[in-house]
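Here's a quick tour of one protein model, written for someone who likes cut-offs spelled out. Have the coordinates open and follow along.

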Amino acid sequence: MNWTPWLPLRAMSGWTRRDLNGDLIAGVTLAAIAIPEQMATARLGGFAPEIGFFAFVAGSVAFALFGANRHLSAGADSTITPLFAGSLALLATAGSPHYLALAAMLALMVGLIVILSGVFRLGWVADLLSVPVTTGFLAGIAIHIIVSQLPGLLGLPSESGETVRRIGEIAGNLHLTNPWSLTLGLGVFAIVFCSERISARVPGALIGMVLATVAVAVFGLKDHGVEVLGALPNGLPQPGPPLAGLDDVQALVPLALLIAIVVMVQTAATSRSFAPQGDAPDVNRDFVGVGAGSIAASLFGAFAVNASPPRTAIVSQSGGRSQLSSLIAAAIVLLLGAFGGGLLADVPQAALAGVLMFVAQHILRWKVFADVYRQAPVEFALILITMAAIVVLPIETGVAVGIGLSLLHGTWSATRTQVLELEQVPGTSVWWPPGEPSAGEQLPGVLVAAFQAPLSFVNADRFKRGLFDLVDARNDTVKLVVLEASNIVEIDYTAAQALIDTVHHCREAGAVFAVARLESLRAQAALARFGIADLVGPQRIFHSVDAAIRTLGLDQRPQQQDKAK
């Protein structure tokens, strides 16, 4: 029996009663992982721990209603929390009513941007950050998390201000370290670290937090200077729109755009990585789900939410079959936030710091660091520059620098494309770039050239000059120029003018210009739109290089080779 007709959840399509056990186990496991993580993330952002619970519930319920991925978990996330926490602290005192109002308004704005990106199918925005830039970004965020949590781990007074200055102040206060806090924090870190090595489904963070709390109560560690959370208020927040003035909204626009881009990048990566077998990821639909989560969080006074790769992996590995697992976890977390505040009174701050220290080392992609350093030294520089920008500059500026570097690197790569003269592989009809081990052949009077990139304003002049040089180097012996265009997927206005100039130059040199293998429908449309198809002549646009050579009467190869085609 299929139970989905009465459920408005797309991500539960095909769900049956037999899937209940898997979702129940995954939901309980997810809650065990999420409870300490959401508390720690809320504290990282300068919020009361229960605000993290409400963000998780809002993100989970909204994504279950509007998202597509069966496993994706949305909620408070340590990747984006340092981004907006550092920026909001410049506008209001952390934890103040104004600060909370700004965070809720930011969540609303981020949610709207992400939803609109999904509605208008802007999933390509998620590809704005390259892997090296993303790796540098995460490394910078990890450093921010470590620096922000060191005081809690060491039992030192909280520090604020620029990251570099905070590092200096922490170093100067090391002699004040509370050994009990340090022991608790490192113990929780070790438990989480070892638990993950055993199985990602083991709730090491919850186990460590419970053991640390018991240690505080049994050994009276509060009397030894160990700071604890204190009892959290029971009850649920009253829903209402975030209250912020127009000036605040204007000040938040750049930050909202940056946070939204990061959310889309992480959501797309999570959606693609954990799409169930046989299901194509619907990234745009998942944008709508995560964006709705941020809007729901804002209505309950919480902050922006994000897709979580680790929690999503937990749902997948624990046998979750649908978003019911996230709803079960949300119900458990909601009950704890509504009625269990007293249970958290003796949770030591150092335990939450230990959880976040583990998160910080987890998002440092050491393998990517090593691979990029070994295989692409130039791109390794992008990692270091992005990481340094995130750490040294205001964090939103660092993110903007990272996005700019990623775009510049992509543009630079496109500008380095060269026009290649192709050679025929002996005994075949294949035309290939010159190289070893087998030397190719050229036909007298024929020039076959290729450009292995989209034609756009960034490389139009390089394309034109490169083809001019190839034609001119033949000293008027070229009678046919064939542009092998299989890799030209787009042609913009500037490139179209360069292509028109190229056609004219070939004709002035006494050569016929033809196009072969223009497979891209967009490029074909551009050829017609800019009048290039008419200029070249439809009769000179071919499906293959060989067809161009044969049709234009310049094939001087032996007949037997022609038959071998």
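A contact here means heavy atoms within 4.5 Å. Helices (H or I, at least four residues) and strands (E, at least two) are DSSP runs, numbered from the N terminus.

This is a predicted model, in which local features need pLDDT of at least 70, side-chain atom pairs count only at pLDDT 80 or more, and totals for chains, interfaces and linings use all residues. Residues are numbered from 1 along each chain as its sequence is written, and side-chain values use heavy atoms, with hydrogens and water left out.

**The whole chain**

The protein chain has 22 helices and nine strands. Its C-alpha atoms fill a box of roughly 95 × 65 × 50 Å along the principal axes. Of its 565 residues, 52% are buried; buried means under 20% relative accessible area, exposed means over 50%, and partly exposed is in between (1.4 Å probe, protein chains only). If you take the contacts with a separation of 6 or more, 79% of them join residues 24 or more positions apart.

**Helix pairs**

Two packed helices are described by the angle between their axes and the distance between the axes. The axes are lines fitted to C-alpha atoms, for helices over the stretch in contact, and the angles run from 0 to 180 degrees between N-to-C directions. Angles under 35 degrees count as roughly parallel, over 145 as roughly antiparallel, 65 to 115 as roughly perpendicular and the rest as oblique.

| Helix pair | Axis distance | Angle |
|---|---|---|
| H7 (residues 179–198) and H8 (residues 204–219) | within 8 Å | roughly 155° |
| H9 (residues 246–273) and H10 (residues 283–299) | within 10 Å | roughly 125° |
| H3 (residues 81–88) and H9 | 10 Å | about 170° |

Start with H7 and H8: their axes cross at roughly 155°, and that makes H7 roughly antiparallel to H8. The crossing is right-handed; a crossing gets that label if the near helix is turned clockwise from the far one by less than a right angle, and is left-handed if anticlockwise. On the H7 side, the contact uses Leu 184, Val 188, Ile 191, Val 192 and Ser 195, and they meet H8 residues including Gly 204, Ile 207, Met 209, Leu 211 and Val 216. By class, the contact of H7 with H8 has 11 nonpolar, three polar and no charged residues. For the bookkeeping, Ala, Val, Leu, Ile, Met, Phe, Trp, Tyr, Cys and Pro count as nonpolar, Asp, Glu, Lys and Arg as charged, and the others, Gly among them, as polar.

Next, H9 and H10 are oblique to each other, and H9 passes H10 in a right-handed crossing. H9 brings Val 263, Met 264, Thr 267, Ala 268, Ser 271 and Arg 272 to meet Val 283, Asp 286, Phe 287 and Val 290 of H10. That contact splits into six nonpolar, two polar and two charged residues.

H9 also packs with H3, at an angle of about 170°, which makes H3 roughly antiparallel to H9. Leu 83, Phe 84, Ser 87 and Leu 88 of H3 make the contact with Leu 252, Leu 255, Ile 259 and Val 262 of H9. Here the tally is seven nonpolar, one polar and no charged.

**Two serines in helices**

What does Ser 117 touch, not counting residues up to four places away in sequence? The list is Leu 122, Gly 123, Met 264, Asn 284 and Phe 287. Ser 117 sits in H4 (residues 97–119) and is buried, at 6% relative accessible area. Ser 117 and Met 264 are 147 residues apart in sequence, yet their C-alpha atoms are 8.6 Å apart in space.

Ser 60, in H2 (residues 49–66), is buried with a relative accessible area of 1%. Leaving out residues up to four places away in sequence, Ser 60 touches Ala 74, Gln 323, Ser 326, Leu 327 and Ala 330.

**Loops and cysteines**

Arg 121 lies in the loop between H4 and H5 (131–154), and its phi is near 55°, a positive value in a residue other than glycine. Arg 121 counts as exposed, at 57% relative accessibility. Arg 517, in the loop between E8 (512–516) and H19 (521–529), has a positive phi too, near 60°, and is partly exposed at 34%.

As for cysteines, the structure holds zero disulfides, taking a disulfide as a pair of cysteine sulfur atoms within 2.5 Å. Cys 194 is partly exposed at 46% relative accessibility, whereas Cys 506 is buried at 1%.
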